[in-house]
Amino acid sequence: MFSGIIEEAAQVVALQTDKGNLHLTLKCSFVNELKIDQSVAHNGVCLTVVSITDDTYTVTAIKETLERSNLGKLAVGDKVNLERSMIMNGRLDGHIVQGHVDQTAVCTDVKEADGSWYYTFEYAFDKEMAQQGYMTVEKGSVCVNGVSLTVCNSQANSFQVAIIPYTHDFTNFGQIVKGTVVNLEFDIVGKYISKMMQFK
């Protein structure tokens, strides 16, 4: 479980395909604190650490993950938002994030707003999935590339988020432009409520 509070935007240093899988090697400042079999969220995708060197570590994304997320679009040199799993005796600064990406979205607009930024994202709308909670609500939570954010201007197949300078500079939001594909995880609480409503 995660909270959507990014620890670091780490750099991809190597990519290796293995049949339908992709091995991603990244360099980050806390690599000496990682352990084999540890869970780390990468752009919001929970992946398992499979090997560690002095300054890099490697995780593996399987075919299902690559089809549902933007990890297959990464290139060497790209920055990836990282978050280690929550410590259960700590504060939940973001919202409950599982690290299970639901689908991707495309950035359709970026507007600078006197020191902050508004990003608009559009995703494929499916009425049946929306009835199960795969949607946004005004002032609700959504996870974009692993970042816990508050929704504004919620529409059937799109929404906006407002980004403060710290988030813009500290995460890979600074690299998101019109046309960039991002990962979405909708709010798990909303999913459970939507599912329970079907049994009224």
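Mentor: Two strands count as paired if DSSP finds at least two bridges between them. The model is predicted, so local features need pLDDT of at least 70 and side-chain atom pairs pLDDT 80 or more, while totals for chains, interfaces and linings use all residues. Residues are numbered from 1 along each chain as its sequence is written, and side-chain values use heavy atoms, without hydrogens and water.

Trainee: In what order do the six strands close into a barrel, and what is the average twist?

Mentor: The barrel's pairing is antiparallel, and its order is E7-E8-E11-E10-E9-E12. From one strand to the next, with angles of 0 to 180 degrees between N-to-C directions of axes fitted to C-alpha atoms, the twist averages 45 degrees.

Trainee: Which residue in E8 is the bridge partner of Val-106?

Mentor: Strand E7 spans residues 103–113 and runs antiparallel to E8, residues 116–122, with seven bridges joining them. Within E8, Val-106 has as its bridge partner Glu-122.

Trainee: How many helices and strands does the protein have, and what is its radius of gyration?

Mentor: Counting DSSP runs (helices H or I, at least four residues; strands E, at least two), there are four helices and 12 strands.

Trainee: What percentage of the residues is buried?

Mentor: Buried means under 20% relative accessible area, with a 1.4 Å probe and protein chains only; over 50% is exposed, and in between is partly exposed. Of the 200 residues in the protein, the buried share is 44%.
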